[in-house]
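Subject: Structure handover

Hi,

Here is the structure we talked about. Please load it first, then read the notes below.

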Amino acid sequence: MYNQIIYGSLLHVDELKKQNIDPSRVDLVKVKGFKRVFNQLPSWRKVDGIKKAVMNIEKDENSWFNALVIKNLNDKYIQELDYRERGYNRSSLKDGSVTLYSDGNILKNCIVYKGKEDKQSNEILPNSNYFEICKNGAKCHGKEFLNDYLKTTYKNTLKGDIELI
């Protein structure tokens, strides 16, 4: 069984329901060692122009981001997620890097999807519709969660750097 970390559009309760995930199965978490960035080219959210970036994470030992965890997923469900997240590679997270908002307890056996390197670009900006789904998804989980989302989510500057959204 796996604990799946989700940090993009699946933050939104409506998106969870589309994937047949009961919102009562998720908990709020913080993930250390990564930075959340809108720098991923979409695999299925096709948009023309420069505003097409979807969410990704990049290793950064000095950073963290907030997310949801879906606990105790079986192999069948993980295979379905592999298809949905085909522009990403599934990775195991180091034990000790995921803690619950509620009590600070550490979760083990966590996996996350990180963007494939050939699908990343520093020349794109967030997809506007996707951006709203993610932000409204963070808002679904309360003011503290939304504030943490806003202070741990980055976008490209188009000058080779990133900045907070």
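Helices (H or I, at least four residues) and strands (E, at least two) are DSSP runs, numbered from the N terminus. This is a predicted model, so local features need pLDDT of at least 70, side-chain atom pairs count only at pLDDT 80 or more, and totals for chains, interfaces and linings use all residues. Residues are numbered from 1 along each chain as its sequence is written, and side-chain values use heavy atoms, with hydrogens and water left out.

The pocket

Strands E2, E3, E4 (88-92) and E7 (110-115) each supply at least two residues to the lining of the largest pocket. The search ran on a 1 Å grid over the protein atoms alone. A pocket is an open set of points where a 1.4 Å probe fits, with protein on both sides within 12 Å along at least five of seven lines. Lining residues have an atom within 4 Å of a point. The largest pocket holds about 210 Å³. That volume is the space filled by probe spheres set on the grid points, which are joined across faces, edges and corners. The lining has 14 residues, and Lys32, Phe34, Lys59, Leu93 and Lys94 are the closest to the pocket centre.

Helix H3

H3 runs over residues 128-139, 12 residues in total. From first C-alpha to last it reaches 16 Å, close to the 16 Å expected at 1.5 Å a residue. The expected span is 1.5 Å times one less than the number of residues. Asparagine 127 caps the N-terminal end of H3. One of its side-chain oxygens lies 2.9 Å from the backbone nitrogen of asparagine 129.

Which residues of H3 are buried? They are Tyr130, Phe131, Cys134, Gly137 and Ala138. They sit on the same side of H3, because they cover an arc of only 130 degrees around the axis. Buried means under 20% relative accessible area, exposed over 50%, and partly exposed in between (1.4 Å probe, protein chains only). The arc is taken over the directions from the helix axis to the C-beta atoms. The cover over these buried residues includes strands E2 (26-40), E3 (51-73) and E8 (125-126), and helix H4 (143-150). Contact here means heavy atoms within 4.5 Å.

Isoleucine 133 is also in H3. It is partly exposed, at 22% relative accessible area.

Helix H4

In H4, Phe145, Leu146, Asp148 and Tyr149 are buried. Their arc is only 165 degrees around the axis, so they lie on the same side of H4. Lys143 and Glu144 are exposed on the other side. The buried residues of H4 pack against E2, E3, H3 and E9.

Single residues to look at

Phenylalanine 38 lies in strand E2. It counts as buried, at 0% relative accessibility. Its C-alpha is 6.0 Å from that of asparagine 56, 18 residues apart in sequence.

Two residues other than glycine have positive phi. Asparagine 109 has phi near 60 degrees and is in the loop between strand E6 (106-107) and E7. Leucine 158 has phi of about 70 degrees and is in the loop between strands E9 (153-156) and E10 (162-164). Asparagine 109 is partly exposed at 40% relative accessibility. Leucine 158 is likewise partly exposed, at 40%.

Best wishes

Technical notes
Polar contact = N/O pair within 3.5 Å; in protein donor to acceptor, adjacent residues only side chain to side chain.
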